[in-house]
Amino acid sequence: MAAILLIFLLMLSIPSMNAGSPPSPGYWPSTKFRPMSFHYAFKSLWGFSHQSVDQNTLTIWLDRTSGSGFKSDRPFRSGYFGASIKVHPGYTAGVITAFYLSNSEVHPGFHDEVDIEFLGTTFGKPYTLQTNVYIRGSGDGEIIGREMKFHLWFDPTQDFHHYAIFWSPKEIIFLVDDVPIRRYQRKSDATFPLRSMWLYGSIWDASSWATEDGKYKADYNYQPFVAKFTSFKAGGCSAYSSPRCRPVSASPHRSGRLTMQQYKAMKWVQRYHLVYDYCNDHKRNHALTPECWN
């Protein structure tokens, strides 16, 4: 019995393989772009009374009367899009804080979208970071999502962390603190966003689905729900750029191809922190998501 107890205590003393931070990616694309002033690059879109800017930190909040959103002044056809974000602590079920690319205002009912979304949570449970890609209406009507969800290796309510979308004509890469967490390849024109998009951010009530498929709703006894954005970065080819504009890179390679060190960091995140992958969901109709076939 004493020997069994000793083995148990030794097991408790061994650190978890997923403890700590991911391996260094060896390259930090966020350092290649200068921070932008919110007022220089963005405009308020809705919930004007629910946002404020102080020393280039944008605060937006949700209460029972409204949420809030903002939008870039320019549309882009490729680029790097990042912001340092801090989300609300405590009970946030039903609340979505989002940073995303979209052309829904230009193509209503038939739009493209690339999402980073913080799905609110209940006490004692971690936020879920959801990444998603919609192509030409797959986010309208009958939804065909391409979700990959993560529990982060840190608490996103405690400090600012940098979240980014790299979108080139070949692939989309999602990054957290310059660590690639997901790569979505252009395997066909039908499954990849090719039309120009604007950069958006918002906080809103998505109680019908956000937290455990809508099991837990937004509780306005805990209002206001606050999100902070700073260190906005956006660079690449705008919709108005010359056709010769060269897409930016998320790696040291001009082609944008990730390095082996970046792949290693991404695989670590997906091994230890990925909690949902639509391609591995056997309840989904993968005839609608042919990129999952190989």
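Visitor: Is cysteine 245 buried, partly exposed or exposed?
Guide: Happy to start there, with a note that this is a predicted model, where local features need pLDDT of at least 70, side-chain atom pairs count only at pLDDT 80 or more, and totals for chains, interfaces and linings use all residues. Residues are numbered from 1 along each chain as its sequence is written, and side-chain values use heavy atoms, leaving out hydrogens and water. Buried means under 20% relative accessible area and exposed over 50%, with partly exposed in between (1.4 Å probe, protein chains only). Cysteine 245 has a relative accessible area of 26%, so the residue is partly exposed.

Visitor: Which cysteine is joined to cysteine 237 by a disulfide?
Guide: A disulfide is counted when a pair of cysteine sulfur atoms lies within 2.5 Å. Cysteine 237 is itself buried, at 1% relative accessible area. The S to S distance is 2.1 Å, and the partner is cysteine 245.

Visitor: What is the torsion about the S-S bond of cysteine 279 and cysteine 292?
Guide: These two cysteines form a disulfide with sulfur atoms 1.9 Å apart. Their link is left-handed, because the torsion is about -75 degrees.

Visitor: What is the pairing of the bonded cysteines in sequence order?
Guide: Searching the whole structure turns up two disulfides. With the bonded cysteines of the protein chain numbered in sequence order, the pairing is 1-2, 3-4.
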